[in-house]
Amino acid sequence: MLAIDHIVITAHDPKNAAEIFGEKHGITVVKGGEHEQWGTHNYLSYFANNCYIEWIGLFDKQLASQSNNPLIKQVVKALEENEEKPIQYALRTEDMAQFEANFRKNAIPYHGPVAAGRTRPDGTALSWKMLFPEPAAKLPFLIEWESTNIPADKTLVNEQELTQLETPSPYQTDVEKALHLPIFNHQYQAKNGKILFHSEKEIQFTLK
């Protein structure tokens with residue numbers, strides 16, 4: 001069973017966007033850091049059910065534009081079109097190799113695994129890898145953490161939970177085919193929340 005890992009929100013100014021959201025919803029937001037290999041940076045908000053929101057922007061557009069990472073391509077495209085909104089989400093796995101083997105077996109195109117990392121503001125290193133089933137614009141990506149992505153300072157983890165993620169219903173068939181998820185009544189029960197495939201055009205989420 002997969003878990004909801006995080007929701008990606010594009011922002012020209014991630015700090016400002018995160019702080020506005022935090023004030024509106026009464027949640028703590030923190031600086032993430034820079035992805036030096038991609039030219040992106042982020043702010044984050046962690047929740048009690050082990051998932052988070054990421055506000056991501058560009059500090060080096062030229063570098064970001066040269067990246068072949070499907071997520072960074074989505075971020076660049078969205079910001080070029082002045083779209084500041086949730087554009088993608090990641091599902092957490094503890095066995096990425098199994099999914100990669102399944103993609104190969106079923107001739108499902110994919111990109112990765114992509115190794116990644118950044119340095120936290122406190123100087124500690126964070127590392128993970130990502131796997132992108134195609135088409136990346138319609139499908140969530142998979143993430144497997146190689147180091148703990150939970151703040152050492154527990155006061156930075158909000159008491160609220162991100163209980164529900166809603167994603168466009170036309171993508172349900174693609175998700176079922178690529179990830180072999182048991183989706184019933186347009187709903188997937190992840191480890192830490194629900195994913196609903198509804199009729200709206202944009203990703204939405206619920207905090208409680």
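In this predicted model, the side chains of Lys85 and Glu83 meet in a salt bridge, with 3.9 Å from N to O, where a salt bridge is a side-chain nitrogen of Lys or Arg within 4 Å of a carboxyl oxygen of Asp or Glu. The model is a prediction in which local features need pLDDT of at least 70 and side-chain atom pairs count only at pLDDT 80 or more, while totals for chains, interfaces and linings use all residues. Residues are numbered from 1 along each chain as its sequence is written, and side-chain values use heavy atoms, with hydrogens and water left out.

**Salt bridges**

Lys85 is partly exposed, with a relative accessible area of 22%, and Glu83 is also partly exposed, at 27%; here buried means under 20% relative accessible area, exposed over 50%, and partly exposed in between, with a 1.4 Å probe and protein chains only. Lys85 has a further partner in Glu202, the closest N and O atoms of that salt bridge being 3.5 Å apart. This second pair links distant parts of the chain, since Glu202 sits in the loop between β12 (193–198) and β13 (204–207) and Lys85 in the loop between α3 and β5 (86–92), 117 residues apart. Helices (H or I, at least four residues) and strands (E, at least two) are DSSP runs, numbered from the N terminus. Glu202 counts as partly exposed at 38% relative accessibility, and salt bridges that share partners join Glu83, Lys85 and Glu202 into one network.

By the same rule the count comes to 7 salt bridges, one of which is formed by the side chains of Glu80 and Lys61 at 3.9 Å, N to O. That pair also links distant parts of the chain, with Glu80 in helix α3 and Lys61 in helix α2 (residues 61–65), 19 residues apart. Glu80 is partly exposed at 48% relative accessibility, and Lys61 is likewise partly exposed at 46%. Side chains of opposite charge can pair when their charged atoms come close.

**Pockets and cavity**

Pockets and cavities are found on a 1 Å grid over the protein atoms alone: a cavity is a set of points where a 1.4 Å probe fits but cannot get out, a pocket is an open set with protein on both sides within 12 Å along at least five of seven lines, and lining residues have an atom within 4 Å of a point. Grid points are joined across faces, edges and corners, and a volume is the space filled by probe spheres set on the points.

| Space | Volume | Lining residues |
|---|---|---|
| Second largest pocket | About 300 Å³ | 17 residues |
| Largest cavity | About 150 Å³ | 16 residues |

The elements that give two or more residues to the lining of the largest pocket are α3, β5 and β10 (162–168), and the largest share, 4 residues, comes from β5. By class this lining has 10 nonpolar, 3 polar and 7 charged residues, where Ala, Val, Leu, Ile, Met, Phe, Trp, Tyr, Cys and Pro count as nonpolar, Asp, Glu, Lys and Arg as charged, and the others, Gly among them, as polar.

In the second largest pocket, the lining residues closest to the centre are Asp5, Asn50, Arg92, Glu94 and Trp145. β1 (3–10), β4 and β8 each supply at least two residues of its lining, which divides into 8 nonpolar, 4 polar and 5 charged residues.

The count comes to 1 cavity of 30 Å³ or more, and the residues nearest the centre of the largest cavity are His6, His35, Tyr52, Glu54 and Trp128. Two or more lining residues come from each of β3 (40–47), β4 (51–58), α3 (70–80), β7 (125–133) and β8 (141–145). The lining of the largest cavity divides into 11 nonpolar, 3 polar and 2 charged residues.

**Nonpolar cores**

The largest nonpolar core has 33 residues, and those with the most contacts inside it are Tyr89, Leu91, Leu142, Leu179, Leu181 and Ile195; such a core is a set of buried Ala, Val, Leu, Ile, Met, Phe, Trp, Tyr and Cys residues joined through side-chain atoms within 4.5 Å. Apart from it lies another core, of 26 residues, among them Val8, Ile56, Leu58 and Val75. Not counting residues up to four places away in sequence, Leu91 touches a set of residues including Leu2, Ile4, Phe141, Leu142, Leu179, Leu181 and Ile195, contact meaning heavy atoms within 4.5 Å.
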